[in-house]
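This report is meant for a reader who is new to the structure shown below.

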Amino acid sequence: MTTLRTRRVATGRLTQQITEARTEGEAVVFVHGNVSSSAFWHSTLTTLPAPYRPLAVDLRGFGGTDPLPVDATRGLRDYADDLAELLTALGIDRAHLVGWSMGGGVVMQYLRDHPEAVRSATLVSPVSPYGFGGTHGTDGTLNSADGAGSGGGTANPDFVRRLAEGDRGADSPTSPRTVLTTCYVKPPFRTEHEDAYVESMLATRLGDDHYPGDSTTSDAWPGIAPGTRGVLNSMAPTHFRVDDLHLIDPKPPVLWIRGEDDIIVSDTSLFDLAHLGAIGAVPGWDGTPAQPMLAQTRHVLDRYAATGGTVREVAVADAGHAVHLERPEEFGKALAEVLSA
């Protein structure tokens, strides 16, 4: 049985909490998604054998890492720069990176900025290289110049309220537990670690500087546009765009793995206001097309492959957004292949 150790690491930017299975070997660094923490990687850490050194980090404002404000005008670079400082503090020159959801965007940004420091990049149900919401087409064209339909104002206010209240129940569709069991994974999947994951979600720091972030009004539908602070704005298409991965050198191998039934990162995402408008869930829809998130990621990775990179896409049947939890054997097999590539 692998024993996990959690500790805090002081860096030049902030003190970050990590959980690790061992302190020697080839580093494999796991980066969690939004409204979660490294806890969502704990079961994965225990399965990775020597000679690998698996560790998972809490991003700023999540888990046990310092809750420094997020400057969303830098896209996901606050998180990527934090990661770079962490690896420096740990004496890790090159690492395999594994990022889930928003963490996939952090990995893409780190790969863009530090390609020589990446042995491989695994993107698990990643946010689109063009951000979340507010774009159309495989090239990520903005629906509106101000990014309307994305950013801090797109969060469900009742979900935010229940996070703030520490709701651990399952009596509402917007409770953290219900969001976990109906959106993070594909029902009827349940896990023995569910309580720990709910606690992880509830540890999310809230507010304009954190989750969900601030917002502005817009003349374009649906009337909200990104602000400059906080988590959701850091993924707004006006701030985050890594569509030039094909320009980096060297090009480490990339694994893109996702659940076929993901409803969060999808071409018909139930978290995309444009798709919700199309199905009548958000009023006043003006015909704005849904964001083709998968097609956008595929477009960017196809260009990466066409310019010399190695890319493998794995779509796992009957799995949702957290394929590493829902299908650990298939996830582990695909990960092992890219780690040894």
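## The largest cavity

The lining of the largest cavity is made up of 5 nonpolar, 4 polar and 1 charged residues. In this predicted model, the residues around that cavity are Gly134, Asn143, Ala148, Gly149, Trp221, Pro222, Asp272, Leu273, Ala274 and Thr288. Asp272 is the charged member of the lining, because Asp, Glu, Lys and Arg are the residue types that count as charged.

Glu194 counts as buried because its relative accessibility is 8%, under the 20% limit. Arg190 has a relative accessibility of 52% and so counts as exposed, the limit being over 50%.

## The chain as a whole

The chain contains 11 helices and 14 strands. Along the principal axes, its C-alpha atoms fill a box of roughly 55 × 45 × 40 Å. A compact globule of 341 residues would have a radius of gyration near 20 Å, and the value for the chain, 18 Å, agrees with this.

Of the 341 residues, 57% count as buried. Contacts also reach across the sequence: among those between residues at least 6 apart, 70% join residues at least 24 apart.

How many salt bridges does a search of the whole structure find? The search finds 30. One of them joins the side chains of Asp78 and Arg13, with an N to O distance of 3.8 Å. This pair links distant parts of the chain, since Asp78 lies in helix H2 (residues 77–89) and Arg13 in the loop between strand S1 (5–10) and strand S2 (15–20), 65 residues apart. Asp78 is buried, with a relative accessible area of 6%, whereas Arg13 is partly exposed at 30%.

The side chains of Arg77 and Asp113 meet in a salt bridge at 2.8 Å, N to O. Here Arg77 belongs to helix H2 and Asp113 to helix H3 (residues 102–113), and the two residues are 36 apart in the chain. Arg77 is partly exposed, with a relative accessible area of 31%, and Asp113 is partly exposed as well, with 24%.

## A salt-bridge network

Which residues are linked with Arg13 and Asp78 in a network of salt bridges? The network also includes Arg60, Arg74, Asp81 and Asp82. Within this group, the bridge between Asp78 and Arg13 brings together a buried residue and a partly exposed one.

Note on methods: Residues are numbered from 1 along each chain as its sequence is written. This is a predicted model: local features need pLDDT of at least 70, side-chain atom pairs count only at pLDDT 80 or more; totals for chains, interfaces and linings use all residues. Side-chain values use heavy atoms; hydrogens and water are left out. A salt bridge is a side-chain nitrogen of Lys or Arg within 4 Å of a carboxyl oxygen of Asp or Glu. Helices (H or I, at least four residues) and strands (E, at least two) are DSSP runs, numbered from the N terminus. Buried means under 20% relative accessible area, exposed over 50%, partly exposed in between (1.4 Å probe, protein chains only). On a 1 Å grid over the protein atoms alone, a cavity is a set of points where a 1.4 Å probe fits but cannot get out, and a pocket is an open set with protein on both sides within 12 Å along at least five of seven lines; lining residues have an atom within 4 Å of a point. The radius of gyration is taken over C-alpha atoms; the globule rule is 2.2 Å times the number of residues to the power 0.38. Contact means heavy atoms within 4.5 Å.
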